[in-house]
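Me: I would like a close look at a single part of this model, followed by whatever else can be said about its side chains.

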Amino acid sequence: MPYAELHLHLEGTLEPELAFQLAERNRVTLPWRDADDLRSRYDYGCLQDFLDIYYANMEVLRTAEDFADLTNAYLARAARAGVVRAEVFLDLQAHLARGIPAETVLGGVSEALRASEATHGVSSGLIITFLRHLPADDAEHAYDQALATGVELLGIGLCSSEVGFPAAPFAPLWERARADGLHTVAHAGEEGDASYVWDALRHLKVERIDHGIRAMEDPTLVAHLRDHRIPLTVCPLSNVRLKAVPDLAAHPLPAMLDAGLMVTVNSDDPAYFGGYLDDNIAAVRRQFDLTDAQLATLAANSFEASFLPPAEKARLLAEISSGPTAGRLGGDINGSAGSSRDSSPV
Ligand code: HPA
Ligand code: ZN
């Protein structure tokens, strides 16, 4: 089944073996003995435990070639998972803070993304994610540097530590990016409660919410997300690994589907969370006995929620509806054109 991956941090695709190869190539010393030692630390108590390792491993990414290699490794694996469209996140700000110029970071990533259709059969777009634990001024400065490279951007997003770091200070930058013609998204409702999702909608006016699982705690919010068809890019294996849910059986994905929400399944940081997109789909299929129709709905939602041009969306949706599950799909494929999701007052 073809699929769009909409919630994927490129730095989160850094497999331990590649991390050590790049460390050697760049003469960087990682604080782990070897790939197995690094892997043995992937037992996180919370989001911050993961982020500490994730930021530490970024040290090995130094040249444009490193960023291109990382991106190509993800695209090759994603293609095998059935991904034909990838809207990927990049933590530019974290690399700037390490003294790596924007041209190096974006040069390497964009070189791989530009060739992704021809090389991997995956169309792609780049979303620069800003770090909510840092001041909004710092994000503005990183955005200026991204624009100065001339590299084409699809959108901006917000990620990193959530609880205690409000979205409101980022509102002017989100406004500015929209005026520049970019799409906007934000992580919310991963470790933070439903109020964080409301804040991302009210202050940042985002088109998609990344994660958003804790929205399920607020029936008014669920109704709002459903009525305005605001997509939620859910990452089941990530939620289990980061203890956002006690275990996969307790994951709200089936409840979200039942509530009529526009949910998609994604891999987030697959090298760190035990699986790529196909692994996430297989896990939820097995855990929840999802029907072919539900799986087709997830695939259709991924294209519907993507930032692809309407004609391309329609072509991919038609491909799903003419596939083996045609005629057994839920209502999400049809009748969703002209979504009101970014024009609604909150
Ligand atoms: N949550 C928040 N920020 C992140 C994540 C995540 O899962 N991965 C990379 N940055
Ligand atoms: Zn994420």
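In S4, which residue is the bridge partner of Leu131?

Reply: The model is a predicted one. The bridge partner of Leu131 in S4 is Cys159. Leu131 belongs to strand S3, which covers residues 123-131 and has 8 of its 9 residues buried. S3 pairs with strand S4 (residues 155-159) in the parallel sense, over 5 bridges.

Next, the aromatic side chains. A pair of aromatic rings is described by the distance of the centres and the angle of the planes. The count comes to 12 aromatic pairs. One of them joins Tyr44 and Phe50: the ring centres are 5.7 Å apart and the planes stand at 80 degrees, so this pair is edge-to-face. Both Tyr44 and Phe50 are buried. Tyr44 also pairs with Phe273, with centres 6.0 Å apart and planes at 90 degrees, so that pair too is edge-to-face. Because Tyr44 lies in the loop between helix H2 (35-39) and helix H3 (47-57), while Phe273 is in helix H14 (residues 270-273), the pair ties together parts 229 residues apart in sequence. Tyr44 has a relative accessibility of 1% and counts as buried; Phe273 is likewise buried, with a relative accessible area of 1%. These residues belong to one aromatic cluster, formed by Tyr42, Tyr44, Phe50, Tyr54, Tyr55, Tyr272 and Phe273.

A further ring contact involves a charge: Arg208 lies over the face of Phe307, 3.9 Å from the ring centre.

Definitions and conventions:
Residues numbered from 1 in each chain as written. Chains lettered and ligands numbered in written order. Predicted model: local features only at pLDDT ≥ 70, side-chain atom pairs only at ≥ 80, totals over all residues. Heavy atoms only, no water. Buried < 20%, exposed > 50% of the residue type's maximum accessible area, 1.4 Å probe, protein only. Helix = DSSP H or I, 4+ residues; strand = E, 2+ residues; numbered from the N terminus. Pairing = 2+ DSSP bridges. Phe/Tyr/Trp six-rings, centres within 6.5 Å; stacked < 30°, edge-to-face > 60°. Lys NZ or Arg CZ within 6 Å of the ring centre and 35° of its normal.
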